[in-house]
Amino acid sequence: MDRDAATSHSSFTSVHLLLAVVAAFVIIFANSIKAPAQSASKVAAVVDGHEITNAEVDDAAVAKVFELEQQMYAIRKATLENLVTHAILEAQAKRQHISVEELKKQMSAGPVQVTEAEVEKLYQENKAAFAAMDPDESRLRLQFDLETQARMQKYKAFLQVLTSKAKVEIRLNEPKLSASNLAYTVSAGPANAAVTITAFIDFQCPYCRQFHNVLKQILKAYPSDVRLIFRNLPLDIHADAALASKASLCANEQDGFWKFHDALFAADDLTIESLKKLAVGQGLDLTRFQECLKSEKTNTALRQDIDEAKHFGISATPALIVNGKLLIGALSFEDFKAVVDREIELAKKLPATKSR
């Protein structure tokens, strides 16, 4: 068991050395980009008297810049979490009048129980990988691995208890996007809501069909705190998606968007004849509906939604911008509710910040 403890201790030391290097890198990198971020109004180029500002450059490259900002945020977040953990450990070590390293040893020390059945099960599952080794040696190595994992679980459980007792407030800001205020925006919920969700949706996308019920549940659960802005993003892989998107915009022209939206997701067929039947079934004026489908105004509205998605580098659905934070994919109600709850809490604690 002493060998395991020594190995664990060595691993902790190596991890913190690596984190120190990463933290230094983040600080240096952040300082190196601070000046350009603060000078967005400055001129980056002049072409025949026409000035191009840094802000215009950033806006044109928003998708790539945002991707880099997300990577930097992930590095900062991981580094911050480890610095917070170290601060919690230092405080506990001070209370016990011992060093942090001694505290770590205590957190992972003590007896651990690994049964022969657990070792045998793992051996049988990975038997092919140990074909060239003695079976007894293989089982011994697996036992050491399981014991090390058990010690790590003890360490994590102890750390979780310490963290739950500490007063930790994370103020690291996530990178944000800001959707345009387009002329043909369709929305539900109050304009001054704490949480604004911009959803890019394809009516033929099975994941969007699955997720649209989650969005309805969220709106029902948070009538005063959530605003949903709808954007069409018909994907090329879906033959009838663009036509369905136009149909939704035409239903909106007759103030029937949300009921028609639900009908589109419930329909198995989105061809033109089916859309006409849906329009009649929803009480829409069929002549106006058909004229709208052919109008350049409708084409322009759809192109604006698609261009907005491209601007942000969005190419999959459902795609969500939640208070400026990009999420891709269909979340469960529980997972998405957690996102919304977090944003509501942040809105209460943090001053309003201007998103790009």
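Rings of Phe, Tyr and Trp (its six-membered ring) pair if their centres lie within 6.5 Å; planes under 30 degrees apart count as stacked, over 60 as edge-to-face and the rest as tilted. The count by this rule is eight aromatic pairs.

The model is predicted: local features need pLDDT of at least 70, side-chain atom pairs count only at pLDDT 80 or more, and totals for chains, interfaces and linings use all residues. Residues are numbered from 1 along each chain as its sequence is written, and side-chain values use heavy atoms, with hydrogens and water left out.

**Exercise 1.** Classify the pair formed by Phe203 and Phe265, and locate its two rings.

Solution.
- Step 1: The centres are 5.1 Å apart and the planes make 50°, and the pair is tilted.
- Step 2: Phe203 lies in the loop between β4 and α7 (206–221), whereas Phe265 belongs to helix α9 (residues 257–266), so the pair ties together parts 62 residues apart in sequence. Helices (H or I, at least four residues) and strands (E, at least two) are DSSP runs, numbered from the N terminus.
- Step 3: Phe203 and Phe265 are both buried, where buried means under 20% relative accessible area, exposed over 50% and partly exposed in between (1.4 Å probe, protein chains only).
- Step 4: Ring pairs join Phe203 and Phe265 with Phe230, Phe257 and Trp258 in a cluster.

**Exercise 2.** Classify the pair of Phe211 and Phe336.

Solution.
- Step 1: With ring centres 5.4 Å apart and planes at 65°, the pair is edge-to-face.
- Step 2: Phe211 is in helix α7 and Phe336 in helix α13 (residues 333–349), 125 residues apart, and the pair thus links distant parts of the chain.
- Step 3: Phe211 and Phe336 are both buried.

**Exercise 3.** Describe the span, the buried residues and the packing of helix α12.

Solution.
- Step 1: Helix α12 (residues 296–311) has 16 residues and reaches 22 Å from first to last C-alpha, close to the 22 Å expected at 1.5 Å a residue; the expected span is 1.5 Å times one less than the number of residues.
- Step 2: Among the buried residues of α12 are Thr298, Leu302, Asp305 and Ala309.
- Step 3: The buried residues of α12 pack against β4 (195–201), β5 (226–232), α8 (241–253) and α11 (286–294), contact being heavy atoms within 4.5 Å.
- Step 4: Just after α12, Gly313 takes a positive phi of about 75°.

**Exercise 4.** Describe the setting of Glu90.

Solution.
- Step 1: Glu90 is part of helix α3 (residues 62–96).
- Step 2: Glu90 counts as partly exposed because its relative accessibility is 43%.
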